[in-house]
Amino acid sequence: MDLQTATERAGPREFGPADDMPREYREAATRMIQFHANSEIMGAYIERPFIRQAPSLDRKLAVSAQVQDEIGHGQLLYRAAEELGIKTREEMLDELAAGEGKFLNCFHYPLDDWYELPMIMFFVDGAAMRRQATLKRTSWEPYAHAIDKICFEEGFHIKHGEDILRTIATGSRKDQERLQEAFDKWWPRILQFFGPTDDQSTHGDFSMEVGLKTMSNDDLRNAFLNAYVPKARKYGLELPEYPRIEYHEADDYYEVYEEDLDWDEFFTVAKNELPTGAGQIDKRKRSQEAVEWVREVIESPQQGGGNPAAADD
């Protein structure tokens, strides 16, 4: 199939492994899905410390389940990307460990305490759900199929994040002050979750033309603001003075002054050059090396691995 035909046919779940897609499409889809898969994995890594730090057994169990879900989402997405024939799952994981794989800006920053966790589990996961809901109509069917499962589980994650937020927001004055401090710190990063503005987006136009994306970065950001500014206020959070948010009463929607956002830092993050992000990548690399060591031992001939008949001897 040539690129013009792919553009003309582009529609929800239109293409799959049986279609001979042009290389431009396969490369763009691989880049997009690999980014999403990497983000699921790296998101799990910043949440993982709270399996120990959560204040109750119920919270620990819920965080543990969520971390497992996120890792599973990453694996599903690597498989969806692998079917495009550009990279194997192992190559994508190796790129992530080597600091060559890209992932969402918010996951380049560590979470310092429990008060910051709902910034990820409620606001960032809420932003992710906004984006992922549109991807149910992406043109690469294996991606859309993975998104069906991911959205189902992310709905529970958001509810859990909102429950943590509600508990803290209705706690002591000190709890409320620390929650507001966490919100002030994370809000600008969350607004950059959807990527650069449309006029600075390198791949956005092509992805829209071939149906991989169905909404632009700016449209997704505004949709998130419309839904989550009222939710933040519901829990007593005040929007920071900057970045400025304007409410257009006549059309009933919120808009951010995008020039107030720190795009220099965003593009440093996008290149994996932020020191905290490099630290997160190193943690992931060490974990991958540890898993590989365990796998090699299990699969070694001395342990009966790689020789199924040994179990019958």
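**Note on cavities and aromatic contacts**

1. About 180 Å³ of space lies in the largest cavity, which is one of two cavities of 30 Å³ or more in the structure. The model is a predicted one, in which local features need pLDDT of at least 70 and side-chain atom pairs count only at pLDDT 80 or more, while totals for chains, interfaces and linings use all residues. Residues are numbered from 1 along each chain as its sequence is written, and side-chain values use heavy atoms, with hydrogens and water left out.

2. A cavity here is a set of points, on a 1 Å grid over the protein atoms alone, where a 1.4 Å probe fits but cannot get out, and its lining residues have an atom within 4 Å of a point. Grid points are joined across faces, edges and corners, and a volume is the space filled by probe spheres set on the points.

3. The lining of the largest cavity comprises 18 residues, with Glu-40, Leu-104, Phe-107, Ala-128 and Gln-132 nearest its centre. Helix α2 (23-47) and helix α6 (117-134) each supply at least two of the lining residues, and α2 gives the most, with seven; helices are DSSP runs (H or I, at least four residues), numbered from the N terminus. By class, eight lining residues are nonpolar, four polar and six charged, where Ala, Val, Leu, Ile, Met, Phe, Trp, Tyr, Cys and Pro count as nonpolar, Asp, Glu, Lys and Arg as charged, and the others, Gly among them, as polar.

4. The second largest cavity has a volume of about 30 Å³, and is lined by Arg-131, Thr-134, Leu-135, Lys-213, Thr-214, Met-215 and Leu-220.

5. The structure holds 19 aromatic pairs, a pair being rings of Phe, Tyr or Trp (its six-membered ring) with centres within 6.5 Å, and planes under 30 degrees apart count as stacked, over 60 as edge-to-face and the rest as tilted. The rings of Phe-50 and Trp-114 are tilted, because their planes stand at 50°, with the centres 6.2 Å apart. This pair links distant parts of the chain, with Phe-50 in helix α3 (residues 50-53) and Trp-114 in the loop between α5 (89-97) and α6, 64 residues apart.

6. Phe-183 and Trp-187 also form a tilted pair, with ring centres 5.0 Å apart and planes at 35°; both residues lie in helix α8 (residues 173-191), four residues apart, about one turn of the helix. Phe-183 and Trp-187 belong to one aromatic cluster that also includes Phe-122, Phe-123, Phe-193, Phe-194, Phe-224 and Tyr-228.

Technical notes
On a 1 Å grid over the protein atoms alone, a cavity is a set of points where a 1.4 Å probe fits but cannot get out, and a pocket is an open set with protein on both sides within 12 Å along at least five of seven lines; lining residues have an atom within 4 Å of a point.
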